[in-house]
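Biologist: Hi! Could you walk me through this structure in plain words?

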Amino acid sequence: SIPFFITFIGLEFAVSWIQKRKLPGRINDGISSLSLGILSRLPDVLFRSIELISYIYIWNNYRLFELPWDSPWTWYLTLLGVDFAYYCFHRMSHEVNILWAAHQVHHSSEDYNLFTALRQSVLQKYTSWMFNLPMALFIPPSVFAVHLQFNLLYQFWIHTEVITKLGPLEWILNTPSHHRVHHGRNPYCIDKNYGGTLIIWDRIFGTFEAEDAKVVYGLTHPVNSFDPIMLQLRPLAHIWNTFWATPGFCNKLSVIFKGPGWGPGKPRLGLPEEIPVITGKEVPFNPHVPAYLNCYALVHFAVIVDLYIELLASMTMWSQGTVLVRIGFIILSLASFGLLMENKSKAGILEIIRCLVFIGAYKLGYFRSHFSFLGYAYEV
């Protein structure tokens, strides 16, 4: 899928420049989104997919009957089943605080472009798998696996502002216009348009909202950070602190299982009037960073992407120690880039340590570029 992503991102950049004479995003936010995307995939290097493992287990041991894998109707039914399961999971991820703690990573960007589509949570996959299990009672795993990937890939292209409306397709499909609403922090956008491929579920269950006023993107209470580690962990820390600060056992459980806007005496999803008003003058978090530092971070991030792709391509040929060193170094690098983009005072010290670690690991043979001719350039 990586060539597919790169092609569409390049196309979005070109169309945005032609339409508006500006690029569709910022370097700091783009690096942050891609860093979160890389982090979200690193567990797959060490562990098998819980989605497929659990599905196959139910299929092998508890299936009620077996739909023929080569029937078109099985594929149509699976398309609807996978998308409906995604709607249910996605809606719960906004309405249950512990699930929102993982999912809000995807909503933390104040830009809206194809980089945002790759801004994913490390933890979300460990809660989404259970919503697919009912299909394992009758739909073959091979058919399910294909539609699971198609459903996720479809959602990539709808994260863009360069496409406006798509006419009659807006009634059936989830489109960029519908999904822009979902990513908005305007009061009219909150908890709307959960669909993955199809928008019909939102229309059926009353969660649909058409795009109206200009959408302001991000969380109602912005996190103001590009540090991917902090973005992944801070929501959990917030729940932990709120849990212990809230009196009463039932209230403590409500902190976990009710909506993120809930508080004692409030409805399950909180009070709509407490959602911050959008003035249209909101300014995205954008610390001033010298141009040379942006270039530095961009070049070094490209090196990490190369190492990451090589890790995915060759992990079965390496020892466990080499794989763990690579994963540790990638995490260290992404954290360092986040601090650089925020122009934090300690970012320089961490970056010097990171570069020394790189040189040492490279000389010891733990790192090899996917492109061998870049080896000397990486040492420089």
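Biologist: How much space lies in the second largest cavity?

Modeller: In this predicted model, the second largest cavity holds about 40 Å³ of space.

Biologist: And which residues line that second largest cavity?

Modeller: The lining is made by Gln104, Val105, Ser108, Leu219, Val223, Met230, Leu231, Arg234 and Pro235. Two elements give two or more residues each to this lining, helix H6 (97-107) and helix H12 (228-245).

Biologist: Which element gives the largest share of the lining of the second largest cavity?

Modeller: That is H12, with 4 residues.

Biologist: How does that lining split by class?

Modeller: For the second largest cavity, the lining has 6 nonpolar, 2 polar and 1 charged residues. The lining also draws at least three residues from each of domain 1 (1-205) and domain 2 (230-274).

Biologist: Back up a bit, please. How many cavities of 30 Å³ or more does the count come to?

Modeller: The count comes to 3. The largest cavity has a volume of about 60 Å³.

Biologist: Nice. Which residues line the largest cavity?

Modeller: Its lining is formed by Arg26, Asp29, Ser108, Ser109, Glu110, Arg119, Val223, Asn224, Ser225, Phe226 and Phe285. By class, the lining of the largest cavity has 3 nonpolar, 4 polar and 4 charged residues.

Biologist: You keep mentioning domains. Which ones does the domain assignment give?

Modeller: The assignment for the protein chain gives domain 1 (1-205), domain 2 (230-274) and domain 3 (291-374). Between the C-alpha centres of domain 2 and domain 3, the distance is 37 Å.

Biologist: What does UniProt place at residues 76-207?

Modeller: The UniProt record, an unreviewed entry, places the feature "domain: Fatty acid hydroxylase" there. In the model, residues 76-207 are 50% helix and 0% strand, and the end C-alpha atoms of the span lie 24 Å apart.

Biologist: Which residues does UniProt list for "transmembrane region"?

Modeller: The unreviewed UniProt entry lists residues 323-341 and 347-366. Residues 323-341 are 100% helix and 0% strand, with end C-alpha atoms 27 Å apart. Residues 347-366 are 85% helix and 0% strand, and their end C-alpha atoms are 24 Å apart.

Biologist: Let's zoom in on single residues. Is Asn186 buried or exposed?

Modeller: Asn186 counts as buried because its relative accessible area is 4%, and buried means under 20%. You'll find Asn186 in the loop between H10 and helix H11 (200-205).

Biologist: What does the side chain of Asn186 reach?

Modeller: At 2.9 Å, the side chain of Asn186 reaches the backbone oxygen of Lys214. That side chain also reaches the backbone nitrogen of Val216 at 2.9 Å.

Biologist: And where does Thr160 lie?

Modeller: Thr160 is in the loop between helix H9 (141-154) and helix H10 (176-182). Thr160 is buried, with a relative accessible area of 2%. Its side chain reaches the backbone nitrogen of Val162 at 3.2 Å.

Biologist: Last one! What is the relative accessible area of Phe13?

Modeller: For Phe13 the value is 26%, so this residue is partly exposed. Phe13 sits in helix H1 (residues 2-20). Phe13 and Asn113 are 100 residues apart along the chain, while their C-alpha atoms are separated by 9.4 Å.

Key. Residues numbered from 1 in each chain as written. Predicted model: local features only at pLDDT ≥ 70, side-chain atom pairs only at ≥ 80, totals over all residues. Heavy atoms only, no water. UniProt positions renumbered as here; feature names shortened; annotations may be inferred. 1 Å grid on protein atoms, 1.4 Å probe; cavity = no way out; pocket = protein on both sides within 12 Å on 5 of 7 lines; lining within 4 Å. Points joined across faces, edges and corners; volume = space filled by probe spheres on them. Nonpolar A, V, L, I, M, F, W, Y, C, P; charged D, E, K, R; others polar. Domains from an automatic or database assignment. Buried < 20%, exposed > 50% of the residue type's maximum accessible area, 1.4 Å probe, protein only. Polar contact = N/O pair within 3.5 Å; in protein donor to acceptor, adjacent residues only side chain to side chain.
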